[in-house]
Amino acid sequence: MEQAMWVRGGTPLSGELRVYPAKNSALKLMAASLLTADPVTLLEVPRLRDVDVMLELLSHLGTRYAWEGRTLHLHTPEITNTVAPYELVNKMRASFNLLGALVARAGEGTVPLPGGCAFGPRPVDQHLKALRALGAEVSEDSGYFTARRGRPLSGRVVFDMPTLGGTEQALLATALGGEATLILTAQEPEIEDLCYFLNAMGADIRGVGSSILQVKGAPRLGGVTYRVIPDRIEAATFLLAAAATRGSITLTDVEPLHLDALLDKLAQAGHRIEVGPDWIRLEATPDPKPFNIEAREYPGFVTDMQPLAVGYLAAAQGNALVSDRIYPDRFTNVPELLRMGADLTLKDRVLSVNGKKLHGATVKATDIRAGGGLVIAALAAEGESRIEGMQYLERGYEQLPERLRSLGAHVGLVTEEPVLAVAAD
Ligand SMILES: CC(=O)N[C@H]1[C@@H](OP(=O)(O)OP(=O)(O)OC[C@H]2O[C@@H](n3ccc(=O)[nH]c3=O)[C@H](O)[C@@H]2O)O[C@H](CO)[C@@H](O)[C@@H]1O
Ligand SMILES: C=C(OP(=O)(O)O)C(=O)O
């Protein structure tokens, strides 16, 4: 049975909320745990569908795991299988990073083309380019990629563009015994987190946070206990929801430095923003100004926040232009926002938003952040909305209805009966 969420809009969100740790970091650290035969403990791991999928994948490859509350214990004494099954890999993008970890630890790995949110082409050529530049032999058979190595992977990789997944692939492939210079790497906080994690295991990665990383791997990596960074995309979702409903919210356990680009836009709009070392307070202005967005690599306004911001802008006043340099066609929530009465025009990959009061409607989330944008718009709209596609929201947002309710929102889950096709006679 598929679930949907109902939202009765119009209530300003207010209160304090703890931000949970970053899914997109936890997943890569879980993949990195394959690089050691020692136990690894991740503190405060989000309890999300994607994490469950990664655990299934790791178990298949030889990992034993145990949960203790939100602490995750992982232990891979040996790799028992070097092939990641399609049924799991097609559920999310992050699973492709198992290729680098497998080839480093076991000498070879086979992973099919990954799934993940569908908002335009998402090639893996840079992952393969990096592995090849590091000396791996990479072959493809029926959509499965196999990487093999004779010696620890080492070399110089010049990426064509900053890529999170590609940079992570190269880090995972070289941290165990390899040596590499990685040029034009992604600078996202999740990359920093992976570097610090690998360094805590015994690697020596320099240039962390910059676009050139120097990796000096260790012949043996050890176990580690490590705390995952806060989820900046989740934080952005709650901040935009509070701003859209003209509310006031304090986020705790958050890293404000990871949200500079969004906080700057919200301040430009006239919302009052205060930050501390690990908290952010937003008090919405009743009369916000719109802002334009050109989504780009971190530390710019990142693409994952773009569909969230479109949900906010559609329900705000004034005109705004939105484009996305990373995923130029990432406008999957636009047709759904139109159902809520939004005034949006997409032309030549530029979305023109004429913000206005929206009304409730039945809409469908088609991916995680498109869904997040719909939730923001529905919270600001007049009347009741039903957001279908909860399975996408659950990939990235833990306890979303409960946490929104704790801020005063009127939301809940509807359990849907599957629609049965009736044959025409
Ligand atoms: C699980 C995870 O962490 N997902 C995030 C990750 O995805 P993901 O790691 O897949 O995204 P990338 O950073 O790799 O993609 C950035 C850009 O590089 C291009 N590219 C990437 C790889 C490649 O081999 N060839 C290529 O051309 C992509 O099409 C895109 O235009 O970063 C994206 C961009 O911040 C986010 O939207 C995703 O939420
Ligand atoms: C796009 C996302 O995930 P994936 O890369 O797995 O599709 C996301 O977390 O917003």
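**View 1. Lys23 and Asn24 carry the UniProt annotation "binding site".** This annotation comes from an unreviewed UniProt entry; UniProt positions follow the numbering used here, feature names are shortened, and annotations may be inferred rather than shown by experiment. What you see is a predicted model, in which local features need pLDDT of at least 70, side-chain atom pairs count only at pLDDT 80 or more, and totals for chains, interfaces and linings use all residues. Residues are numbered from 1 along each chain as its sequence is written, while chains are lettered from A and ligands numbered from 1 in the order in which they are written.

**View 2. Here is Lys23 in helix H1.** Helix H1 spans residues 23-32; helices (H or I, at least four residues) and strands (E, at least two) are DSSP runs, numbered from the N terminus. Lys23 counts as buried because 27 other C-beta atoms lie within 10 Å. The cut-offs are 20 or more for buried, 12 or fewer for exposed, and partly exposed in between, with C-beta atoms placed from the backbone. Beyond four places in sequence, Lys23 touches Pro46, Leu48, Asp50, Val51, Asp231 and Gly396 (contact means C-beta atoms, placed from the backbone, within 7 Å).

**View 3. Now look at Asn24, which also lies in helix H1.** Asn24 is buried, since it has 24 C-beta neighbours inside 10 Å. Setting aside residues up to four places away in sequence, Asn24 touches Ala94 and Glu190.

**View 4. Cys117 sits in a loop.** This loop runs between strand E6 (108-112) and helix H5 (125-133). The unreviewed UniProt entry marks Cys117 as "modified residue: 2-(S-cysteinyl)pyruvic acid O-phosphothioketal". Cys117 is buried because 22 other C-beta atoms fall within 10 Å. Apart from neighbours within four places in sequence, Cys117 contacts Asp367 and Ile368.

Definitions and conventions: Two residues are in contact if their C-beta atoms, placed from the backbone, lie within 7 Å.
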